[in-house]
Amino acid sequence: MDSREFRNAMGKFATGVTVITTNDGTNTHGMTANAFMSISLDPKLITISIDNKANMLQKIKASGQYAVNFLSDKQQDISMNFAGQKKKEDGVDFGDVQGVPVIKDALASVVCDVDQEIVVGDHTLFIGKVKDVKVTEGNPLTFYCGKYGDYRQKEYA
Ligand code: FAD
Ligand code: NAD
């Protein structure tokens with residue numbers, strides 16, 4: 001199986017879209033990611049998976065903390081900015097939760113201290129101990145088959 005076939009298969013798993021944010025003491029850095037998982041309630045732990053070649057890797061190592069921001073369907077331009085797909089010319093507004101930069105108007109921002117760092121193949125998992133969350137109303141941005149989309153709520157019996 002080649003990489004394209006693997007990615008096509010993984011793309012059949014519909015996800016939301018997040019931007020991971022951190023500050024290494026000098027600069028605020030963001031990166032778009034959909035490899036996110038909530039993993040434990042007691043203690044409250046989440047994980048993200050960062051490509052070992054991504055600039056974000058060293059930024060999180062330096063700061064020891066990060067936020068995961070779930071994007072709304074009005075924030076595709078922010079996702080594209082932090083994936084290096086298309087620069088957002090009017091800039092990005094950051095907020096702050098417990099000293100960690102967050103994306104303003106994200107559906108939720110989950111703020112963590114790095115609890116464990118596990119190198120797995122060509123990515124590194126950063127397990128985060130959640131120290132705060134910020135939640136707003138709205139609808140999610142989605143990613144499916146390599147394309148952005150939105151979500152329409154439909155109730156099933
Ligand atoms: P860079 O390439 O250095 O930065 C990314 C972009 O963000 C650049 O254009 C930069 O100018 C901009 N930027 C950074 N900080 C700021 C700031 N303060 N203000 C304004 N702009 C800023 N990769 C993974 O490793 N894991 C994943 O789970 C993952 N999921 C993805 C999901 C989707 C839907 C997409 C589209 C991409 C995903 N990627 C993922 C790929 C990843 O987003 C890109 O490869 C990204 O460019 C790598 O980021 P980097 O840290 O190397 O940063
Ligand atoms: P795509 O077809 O590459 O993505 C479909 C799915 O494949 C993703 O949702 C993800 O589950 C998986 N995937 C893609 N690249 C991966 C990687 N390097 N490691 C592990 N899983 C990966 O979609 P696209 O529109 O071509 O993606 C845009 C860019 O973002 C590509 O360069 C892609 O590699 C990158 N991306 C990386 C990850 C990741 O590192 N986990 C996830 C999504 C997208």
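Predicted model: local features only at pLDDT ≥ 70, side-chain atom pairs only at ≥ 80, totals over all residues.
Local features need pLDDT of at least 70 and side-chain atom pairs count only at pLDDT 80 or more, whereas totals for chains, interfaces and linings use all residues. Residues are numbered from 1 along each chain as its sequence is written, chains are lettered from A and ligands numbered from 1 in the order in which they are written, and side-chain values use heavy atoms, with hydrogens and water left out.

Ligand 1 is surrounded by 23 residues, of which the closest are Thr28, Thr32, Asp51, Asn55 and Met56; a residue is counted as near the ligand if one of its heavy atoms lies within 4 Å of it. At least two residues of this shell are supplied by each of strand E3 (28-33), strand E5 (45-51), helix H2 (55-63) and helix H3 (76-82), and the largest share, six residues, comes from E3.

Polar contacts (pairs of N or O atoms within 3.5 Å) are found at several points of the shell. A nitrogen atom of ligand 1 is 2.9 Å from a polar backbone atom of threonine 28, an oxygen atom of the ligand is 3.1 Å from an N or O atom in the side chain of histidine 29, and an oxygen atom of the ligand lies 2.8 Å from a polar backbone atom of aspartate 51. Of the 990 Å² of accessible area that ligand 1 has on its own, the protein covers 70%, as computed by the Shrake-Rupley method with a 1.4 Å probe.

Alanine 35 is located in the loop between E3 and strand E4 (36-40). Alanine 35 touches Thr47, Ile48 and Ser49, residues up to four places away in sequence not being counted, with contact meaning heavy atoms within 4.5 Å. Although alanine 35 and isoleucine 50 are 15 residues apart in sequence, their C-alpha atoms are 8.1 Å apart in space.

Note on methods: Polar contact = N/O pair within 3.5 Å; in protein donor to acceptor, adjacent residues only side chain to side chain. Helix = DSSP H or I, 4+ residues; strand = E, 2+ residues; numbered from the N terminus.
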